[in-house]
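Hi everyone, thanks for coming. Please have a look at the picture first.

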Amino acid sequence: MSSHGQGRETLLPEIVLKRAVETPYRMAYGILGADLECRLIKHAELAGRAQMLAKVLRERLDPGERVLVICPPGADFIASFFGVLSAGCVAVPAHPPINGRLLSKLDALVADSTPGAVICVNVQLPALRRLKGRGSRLAALTPEVDMDE
């Protein structure tokens, strides 16, 4: 997408930051939960969470490295995705492995993408660490970035 004739492309992280400044309290996303309640994410919240994650990733990874994003659909996934892009890295989204079939797909994804880090939510960390101990390719993935911190 063009930046209003300025001769350069506008990147998604720039749009997130611009919206956070211009309309911080306006809804960026609405997420419908299992309880059918809608959780609103405002532009300022999205930008703040994405920038905090981007800062952590910049300290640990080089630009262009891949980051495995294992977050369920929702606010954490959206903030993680934009945080990875803001850090100059490449997001590799994956569904949380809830069964053996998904674990084998995740292992194949890790083998193909060779990510430098994995992002997940706090409740997933124990399960991911158990999988690492079972010879999963996830064992090679460090650091782990917890979206709940």
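Let's begin with a term: a crossing is left-handed if the near helix is turned anticlockwise from the far one by less than a right angle, and right-handed if clockwise. Helices here are DSSP runs of H or I with at least four residues, numbered from the N terminus. Helix 2 and helix 3 cross in the right-handed way.

A word on where this comes from: it is a predicted model, where local features need pLDDT of at least 70 and side-chain atom pairs count only at pLDDT 80 or more, while totals for chains, interfaces and linings use all residues. Residues are numbered from 1 along each chain as its sequence is written, and side-chain values use heavy atoms, with hydrogens and water left out.

Back to our helices. Helix 2 covers residues 43-60, helix 3 covers residues 75-86, and they pack at about 50 degrees with axes 7 Å apart. Axes are lines fitted to C-alpha atoms over the stretch in contact, and angles run from 0 to 180 degrees between N-to-C directions.

Why? Because the sulfur of Cys 71 is 6.8 Å from the closest cysteine sulfur, in Cys 120, too far for a bond. Cys 71 is buried (under 20% relative accessible area; exposed is over 50%, partly exposed in between; 1.4 Å probe, protein chains only), at 4% relative accessibility. Cys 120 is buried as well, at 0%.

Key:
Helices (H or I, at least four residues) and strands (E, at least two) are DSSP runs, numbered from the N terminus. A disulfide is a pair of cysteine sulfur atoms within 2.5 Å.
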